[in-house]
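Please give a short report on the structure shown here, with the terms defined where they are used.

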Amino acid sequence: MSSHASTVDPKKAELWDTHHHSHDVISTRTLGYFLYLLSDGMLFATLFAAYGVLSYQHSYFGGPTPAEFVKPWYTFAQTIALFLSVLAYGFGMNALKHKNKSGLINGMLAAFVLGVVFLVLDIHDMSHLYSMGITLASSGGMSAFMVLTQVHATHIFFGLIWILVMIAQVMTKGFTEETVGRLLTLRMFWHLQAVIWVFVYIFVYLWGYIS
Amino acid sequence: MSHSAADPTMHPEVQLSTSKGYFLGFAISAFLMLVATFLVTSHSVPPFGLLMVISVCAGIAVIAQIYFLLHIDISEHNIWNTVALVMFIPLFLITIGLTWWMFSQLYLRTMDMSVMSSAMQPAVHASATPGMADMPGMNAHTDSGN
């Protein structure tokens, strides 16, 4: 401090920062939303932990285990539908980079359709289990299995609603600071669902199938 | 982190999108899931080795997605996302790992597994889950317990 003080000319010293600094609203919001998504990740941590402790042989109470009803290639089709949906949203965001509104909306529509495919396959799978008499109440193991997979499916459901809302907002409001910020947070949300699905698919479906 | 607010599409988080990156994230993770599914269905690897292999598939796929899709890197713009994620990973692993460890020890010390597996056969809830009795292994040990 003292060395600075000796070189400052008191007549010309600027005591106040008079320049206007624009606040980066988009980055502030996306970081905040990313922190929210990490806490959402902790929700999945608790559900994975519950599945981990409720997937022993005795957890199924003599009833069906995932080894008996998981169909790996069926769930692999779900995986590809979700990954393609994420890819389509990514291509849409690449169109946003070039201010290409129709490209963005096409990408989001493709992401929506593929997300619906994922959800329909999941609902079909669950109704098939129900028709076999396998429900949430069958055993502790089945409760953990169904809650974990269906909490992920619920995220997909709300993500699909969000995609529709954002298509409408882009069409009516265009590329404003608000809509672009929301498109970025939706990108994080949607892409994180693919990351979580990798864990669900490998450690719940495939591991359940082989154990 | 400051930039002109005039055109939101020029924001760095928009501009860092690349089709190539998104495609790589998709291709790598889809290929690894294909490998894992193929290995699991072919039954060519013993269970413990299989678990190791599919865990590695999951790990690489997640890293590829986090890098290519979530843009987690050490660039000036994304460093705080990266720091938050790095802080998050231990919490995630500790939550799952400690819970699993505690319950596995509990089961080990409080339950006689041979009694558990033979005492809980489906006689009680066979009526609640019709069709289960037809499945392989469902009628084993019906002479004990209940």
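## Fold of chain B

Read along its sequence, chain B runs α-α-α-α-α, with five helices and zero strands; helices (H or I, at least four residues) and strands (E, at least two) are DSSP runs numbered from the N terminus. The model is predicted, with local features needing pLDDT of at least 70 and side-chain atom pairs counting only at pLDDT 80 or more, while totals for chains, interfaces and linings use all residues. Residues are numbered from 1 along each chain as its sequence is written, and chains are lettered from A and ligands numbered from 1 in the order in which they are written.

Of the 146 residues of chain B, 23% count as buried (20 or more other C-beta atoms within 10 Å of the residue's own, with C-beta atoms placed from the backbone).

## Contact between the chains

Chain A gives 64 residues to the contact and chain B gives 60, where two residues are in contact if their C-beta atoms, placed from the backbone, lie within 7 Å. On the side of chain A that touches chain B, the elements giving two or more residues are helix 2 (25–53), helix 4 and helix 7 (177–210) of chain A, and helix 7 of chain A supplies the largest share, 17 residues.

## Helices 4 and 5 of chain A

The axes of helix 4 (residues 72–97) and helix 5 (residues 101–131) of chain A come within 7 Å and cross at roughly 165°; axes are lines fitted to C-alpha atoms, for helices over the stretch in contact, and angles run from 0 to 180 degrees between N-to-C directions. The two helices of chain A are therefore roughly antiparallel to each other (an angle over 145 degrees).

Terms used
Angles under 35 degrees count as roughly parallel, over 145 as roughly antiparallel, 65 to 115 as roughly perpendicular and the rest as oblique. A residue is buried if 20 or more other C-beta atoms lie within 10 Å of its own, exposed if 12 or fewer, and partly exposed in between; C-beta atoms are placed from the backbone.
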